[in-house]
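Please look at the sequence and the structure first.

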Amino acid sequence: MTIKKVLVIGAGTMGSGIAQLCAQQGLDAILADVSKELADKGKARLAKGMAGRVEKGKMTQAEMDQVLARITTAGDLACAKDADLVIESVVENLDVKRQVFAEVDQHARPGTILCTNTTSLSISAIAEGTRHPEQLTQMHFFNPPVIMKLVEIMPGKKTAADTVKAAAEFARALGKDPVVCHNEAPAGIVSRALGQLLNEATWMVEAGVAEPADIDKAMKLGANHPMGPLELIDLIGLDVHRAKMQTLRTVLDDPRYQHPKVVDRMIEEGRLGTKAGRGFYTYESK
Ligand SMILES: NC(=O)c1ccc[n+]([C@@H]2O[C@H](COP(=O)([O-])OP(=O)(O)OC[C@H]3O[C@@H](n4cnc5c(N)ncnc54)[C@H](O)[C@@H]3O)[C@@H](O)[C@H]2O)c1
């Protein structure tokens, strides 16, 4: 199956990046959110990011214009009828994701590949939202989707082998190097291992072991990590990070995955990371 048009649902951090990635690879992308205004905001955010790359000489203005021209926006999912493949990247909430796929069912053409970018929710549970669970698979991108080479693909219990194959082929067409998990496991490979590292860093903040900047500096200089764990949580979003830890804690029934209270406090204060302009650090451009 040739994928020419992709519907990306959720115009947040990941969805807008995935739409940009598709458009950069020459595909048409529809970026949808709960309102056209929010979808337009997502598009404006990725335009701003690209403008920065144009300024630095990493992209031409003509390339940027072409990418933007391939991305249309929508405030509802009626446009699913035009899509060959759907990537859901809305908030990490099972009910919301199921509802989204139920709505996609009302409009999508038969055979449309359905993908979820969930970090740690059960693929089989999300697939209960659609009448076509055999057509649904996880396709998990990494932040920022345009840059990061990996896509993790994980089937649910009812996912057809052809769907997994199509998703892997699509990932390769986007210039990615996918890994396919054999069966469902919460949070896949990278998020599970990395989540635990990030979680440990937040426990160090809770215990007052060192300033966040020094925890990050130590991991960069001492472990050769390109980014500190707390910088990375800011980029991922504290709410997204916490949701993942909560799922691991519950599904694996293991207290190792418990997050500290400092994370709850920061979320209550709206310190969600770069998307909110503040998290472990403050970001002046917001
Ligand atoms: N942030 C990361 O680094 C990262 C990486 C990989 C995967 N993910 C996963 O990607 C998904 C999105 O994460 P994010 O960081 O982009 O979140 P985000 O909060 O930045 O964006 C979520 C978007 O979904 C929209 N939305 C909510 N309900 C909707 C609905 N019913 N219909 C359409 N849009 C709706 C919101 O308005 C918002 O724009 C989550 O499942 C998350 O676990 C996140």
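Q: What makes the shell around the ligand one that draws on both domain 1 and domain 2?
A: At least three residues of the shell come from each of domain 1 (5-180) and domain 2 (190-276). The domain bounds come from an automatic or database domain assignment. The model is a predicted one, in which local features need pLDDT of at least 70 and side-chain atom pairs count only at pLDDT 80 or more, while totals for chains, interfaces and linings use all residues. Residues are numbered from 1 along each chain as its sequence is written.

Q: Which residues come nearest to the ligand?
A: Of the 27 residues around the ligand, Gly10, Gly12, Met14, Thr119 and Asn143 come nearest. A residue is near a molecule if its C-beta atom, placed from the backbone, lies within 6 Å of it.

Q: How many residues of the shell around the ligand are nonpolar, polar and charged?
A: The shell has 13 nonpolar, 11 polar and three charged residues. Ala, Val, Leu, Ile, Met, Phe, Trp, Tyr, Cys and Pro count as nonpolar, Asp, Glu, Lys and Arg as charged, and the others, Gly among them, as polar.

Q: Which helix gives the largest share of the shell around the ligand?
A: H1 does, with three residues. Helices (H or I, at least four residues) and strands (E, at least two) are DSSP runs, numbered from the N terminus.

Q: Why are H7 and H10 called roughly perpendicular?
A: The axes of helix H7 (residues 190-206) and helix H10 (residues 238-251) cross at roughly 110° and come within 10 Å. Axes are lines fitted to C-alpha atoms, for helices over the stretch in contact, and angles run from 0 to 180 degrees between N-to-C directions. Angles under 35 degrees count as roughly parallel, over 145 as roughly antiparallel, 65 to 115 as roughly perpendicular and the rest as oblique. H7 and H10 are therefore roughly perpendicular to each other.

Q: Which residues make the contact of H7 with H10?
A: From H7 they are Ser191, Arg192, Gly195, Leu198 and Asn199, and from H10 they are His241, Lys244, Met245 and Leu248. Two residues are in contact if their C-beta atoms, placed from the backbone, lie within 7 Å.

Q: What makes S3 and S8 edge strands?
A: In the open sheet of eight strands, the order is S3-S2-S1-S4-S5-S6-S7-S8. Strand S3 (71-74) and strand S8 (177-180) each pair on one side only. Two strands pair if DSSP finds at least two bridges between them.

Q: How do you know that S5 and S6 pair?
A: Strand S5 (residues 113-116) and strand S6 (residues 136-141) have three bridges, in the parallel sense.
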